[in-house]
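Hi everyone, thanks for coming. Let me put the sequence and the model up on the screen, and then we'll walk through it together.

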Amino acid sequence: MFEILNRILHKRGVTLDELDKEERKTFEEWQAVLSKEELTVKDIKNFCEQQLAIIENKWGDYGLEQARKAELIPYHHIYSTLKKVVDSPKQIRESLEKNLQQLL
């Protein structure tokens, strides 16, 4: 399955050697995820957290144009929403535990 990434790079005329440090890291993370037989909820959560960190680092880059930063907003929203969906059962459980503790 991870061969898809290699084909995409090849189609765009990019080699692994041409990727910068951040792009290479992302490529390797995607490759690790795609090579698994089955993804876990933890895999999805980790992936979303990594993508959010990459986006937020780009937002902190003063050399990046504001238009490019604005293009990242929908991606950030999607990854943060997915992370919230994954985390919500835990948060609901914690909220319920707090309510039960207050009853004691």
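What you're looking at is a predicted model, so local features need pLDDT of at least 70 and side-chain atom pairs count only at pLDDT 80 or more, while totals for chains, interfaces and linings use all residues. Residues are numbered from 1 along each chain as its sequence is written, and side-chain values use heavy atoms, with hydrogens and water left out.

So, how confident is the predictor? That's what pLDDT tells us, residue by residue, on a scale from 0 to 100. The chain has a mean of 84, and 97% of its residues reach 70 or more. Helix H4, residues 66-71, has the highest confidence, with a mean of 94. At the other end, helix H1, residues 3-11, is lowest at 77.

Let's go to the charged side chains. A salt bridge here is a side-chain nitrogen of Lys or Arg within 4 Å of a carboxyl oxygen of Asp or Glu. How many salt bridges does the structure hold? Six.

One of them joins Asp87 and Lys83, at 2.9 Å from N to O. Both of these residues sit in helix H5, four residues apart, which is about one turn of the helix.

Arg24 and Glu28 meet at 3.5 Å, N to O, and being four residues apart in helix H2, they are separated by about one helical turn. Arg24 is partly exposed at 31%, and Glu28 is partly exposed at 41%.

Lys58 and Glu22 form a salt bridge at 4.0 Å, N to O. Lys58 is in helix H3 and Glu22 is in helix H2, so this pair ties together parts that are 36 residues apart in sequence. Lys58 comes out partly exposed at 27%, and Glu22 is partly exposed at 34%.

Which buried residue goes without a salt bridge? Glu29. For charge, Lys and Arg count as positive and Asp and Glu as negative, with His and the chain ends not counted. The nearest side chain of opposite charge to Glu29 is Lys25, 4.1 Å away. Glu29 lies in helix H2, residues 21-34. Taking contact to mean heavy atoms within 4.5 Å, and not counting residues up to four places away in sequence, Glu29 touches Gln50 and Gln51.

On to the greasy part. A nonpolar core is a set of buried Ala, Val, Leu, Ile, Met, Phe, Trp, Tyr and Cys residues joined through side-chain atoms within 4.5 Å. The largest one has six residues: Phe47, Cys48, Leu52, Ile55, Leu72 and Tyr79. Helix H3 gives the most to this core, with four residues.

Beyond its neighbours up to four places away in sequence, Ile55 touches Leu72, Tyr75, His76 and Tyr79. Ile55 and His76 are 21 residues apart in sequence, yet their C-alpha atoms are 6.8 Å apart in space.

Last stop, the rings. Rings of Phe, Tyr and Trp (its six-membered ring) pair if their centres lie within 6.5 Å; planes under 30 degrees apart are stacked, over 60 edge-to-face, and the rest tilted. By this rule there is one aromatic pair. Phe47 and Tyr79 form it, edge-to-face, with 5.9 Å centre to centre and 75 degrees between the planes. Phe47 is in helix H3 and Tyr79 is in helix H5, residues 73-103, so the pair ties together parts that are 32 residues apart in sequence. Both Phe47 and Tyr79 are buried.

Key
Helix = DSSP H or I, 4+ residues; strand = E, 2+ residues; numbered from the N terminus. Buried < 20%, exposed > 50% of the residue type's maximum accessible area, 1.4 Å probe, protein only. pLDDT = per-residue confidence, 0-100.
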